[in-house]
Amino acid sequence: MSITQRIDLDGATEIDWTNLPWGQAESPEILRRLQRSFQLAQEVGRIGLFEIDMRTGVTYANPVFFEHFGMPRDRMCLSAEELRRMVHPDDRAAMRSFLLEMTHSIDLGGVEFRAITAAGDVRWISVRSRVERDADGAAVMAYGIQQDITDRRTAEDEVRFIASHDILTGLANRKLFQDVLKRQMPSASDNRPAGLILIDLDLFKQVNDTLGHPIGDALLRAAAGRLKSLLPTDALAARLGGDEFAIWLPGSSSAVADALADRIVNLFRRPFLLLGNVVEISASAGVAVAPHDASDPDMLMRVADLALYSAKTAGRSGWRRFDPGMDNAARERQQMTQDLRRALALGALRLDYQPLVGAGSRSVAGFEALVRWDRPGHGLVPPDQFIPLAEATGLMVSIGEWVLNAAIHEAMRWPESLRIAVNLSFRQLEDGDRLVAAVAAALAESGLNPGRLELELTENGLTQAGPDSMRHLHRLRALGVRIAIDDFGTGHSSLSRLLDFPFDSIKVDKSFVAGLGTNEKAGALVRSIAALARSLNVNAVAEGVETPEQAMLARHDGFTQIQGYLISRPMAGGAIDAYLQALDTAKSQNGTL
């Protein structure tokens, strides 16, 4: 039994029931009902039916078929050339291959292609067809069904895009970027090098914490837009995660990569206007070139990251090309980190103490605890080398707690009139709950009067600690301890910080004190800070006082306390008793210091 479908010239689908084995009178009525149901199924399912005369190339089809191509439903047929023009140019070769295969195959074949509608839109079409042959086996007629699958293909494309791209910025994600590097990097050569640039947004966390995640997200999108605006042909930009971006430059020389890194850094110095907020940040970049710097993707990423680290430690808003010395420096940092971790575990760190004295009376007001590390085989490591390392590696919180406890217990041996000053890292202030708990526990365990403890935080540290820093400082102040802002004048905070929190002391950085008597601008700044401290009714401390003239000018300008080598170099805890006794002896003999 067979049912042959044909398309009449009026476009209506009919069924030829000649020779059907149903002789009953009701058979034509049953078939008409089946025909109506079949037509309804075509319309509801949006199924196009067609027949192609393989000898003439003319296609006959139902109304839904023509509707898929944006053509009038009352069309009856179309020529082979019309059909060819409706196939997207990029898919015509595939369509020709399908038609050729169909003429030689007896199986049901299928193809998916993009069609250009009469209105110029692009739609995805799926076709399944079979060929009818004559007695000699020649293809005479192709017939089949057609569906519009645009929605399905769009959804599939979206899924593929999500799997390979960062949704927030639209850039490639880490997986796609790494796949491209693995695929393209083997073709890099000395004659045709390839560049890799890693980019990190400076102070992004501060923007995100201070202005909120909507501004942070807007900043990431705007940053991606700026990167894309600079991309050369064939380059690939990716967001690796957080505020880290990468650019792959196949077939680009080191000079091209260097020039692009420089343009990126300069472009990111321009402010961003985000949701009504003017946001100023900067970018740091690291550059590496294959195969000169590395021969495999993982190593290339590593050396580019070393270059980025070098750029950030040099002061941000800059870029660096990788050189082998960076690798040596990274290995030394790793070894130093291990040694520092071991020193902390074994109790090999120690504290020195430097006195703070009254600017006029020169009587000792207290001591500042300064952590020291005598690294085996290397000697005394300067604090400006191992403190940033401890902050970067997460060791600073543990070191800070050790310093706090050791200093408080040392201060318990001193006269009640002397205070102990302990430096805080912004890393400690970031974990405010842990810091407040550590201070409370140290005070309770030692029995130290809270008023004798002064916690110092640098102005830069206060800026880096984020929006909750003031809340944590108020919690510390509620314990009864004093709070000082250190290295004042070197950071980027506004004077409103001094209004947000009632600091007990403002310590002017030694770089300004060094200019007293020789640099009029430095002197003017120092005097203005001292006047500000007086108006706020807080101590003004001059750090780094090394000459009698500096001490005299500091006292004249209104500083209440001074600290520096003129008074004393830092000393071990065991030397403090002798130091205080010597001062008492000198005072009793001379009547003054």
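Axes here are lines fitted to C-alpha atoms, for helices over the stretch in contact, and the angles between N-to-C directions run from 0 to 180 degrees. The structure is a predicted model, in which local features need pLDDT of at least 70 and side-chain atom pairs count only at pLDDT 80 or more, while totals for chains, interfaces and linings use all residues. Residues are numbered from 1 along each chain as its sequence is written, and side-chain values use heavy atoms, with hydrogens and water left out.

On to the overall picture. The protein has 22 helices and 25 strands; these are DSSP runs numbered from the N terminus, with helices being H or I of at least four residues and strands E of at least two. Of its 593 residues, 46% count as buried, where buried means under 20% relative accessible area, exposed means over 50% and partly exposed lies in between (1.4 Å probe, protein chains only). Contact means heavy atoms within 4.5 Å, and among contacts with a separation of 6 or more, 62% come from residues 24 or more positions apart.

Now for helix packing. Two packed helices are described by the angle between their axes and the distance between the axes. Helix H7 (residues 204–211) packs with H8 at an angle of about 145°, with the axes 6 Å apart. On the H7 side, Phe204, Val207, Asn208 and Leu211 meet His213, Ile215, Gly216, Leu219 and Leu220 of H8. This contact of H7 with H8 has six nonpolar, three polar and no charged residues; Ala, Val, Leu, Ile, Met, Phe, Trp, Tyr, Cys and Pro count as nonpolar, Asp, Glu, Lys and Arg as charged, and the others, Gly among them, as polar.

H8 (residues 213–230) also meets helix H9 (residues 254–267): their axes come within 11 Å and cross at roughly 145°. Arg226, Leu227, Ser229 and Leu230 of H8 make the contact with Leu260, Arg263, Ile264 and Leu267 of H9. Five of the residues in the contact of H8 with H9 are nonpolar, one is polar and two are charged.

Helix H11 (residues 324–346) comes next. Asp323 caps the N-terminal end of H11, with a side-chain oxygen 2.8 Å from the backbone nitrogen of Gly325. Just after H11, Gly347 takes a positive phi of about 70°. Buried residues in H11 include Met326, Asp327, Ala330 and Met336. Among the elements covering the buried residues of H11 are helix H10 (297–313), strand S16 (349–358) and helix H13 (396–411).

Val303 sits in helix H10 and is buried, with a relative accessible area of 2%. Leaving aside residues up to four places away in sequence, Val303 touches Ala288, Asp293, Ala294 and Phe322. From Val303 to Asp323, the capping residue of H11, is 20 residues in sequence and 8.4 Å in space, C-alpha to C-alpha.

Two more residues round out the tour. Ser126, in strand S7 (residues 122–133), is buried at a relative accessible area of 14%. Gly574 lies in the loop between strand S25 (571–572) and helix H22 (576–590) and is exposed, with a relative accessible area of 70%. The C-alpha atoms of Gly574 and Tyr353 are separated by 9.9 Å, although the two residues are 221 residues apart along the chain.

Note on methods. A polar contact is a pair of N or O atoms within 3.5 Å; within protein, one must be able to donate a hydrogen and the other to accept it, and residues adjacent in sequence count only if both atoms are side-chain atoms.
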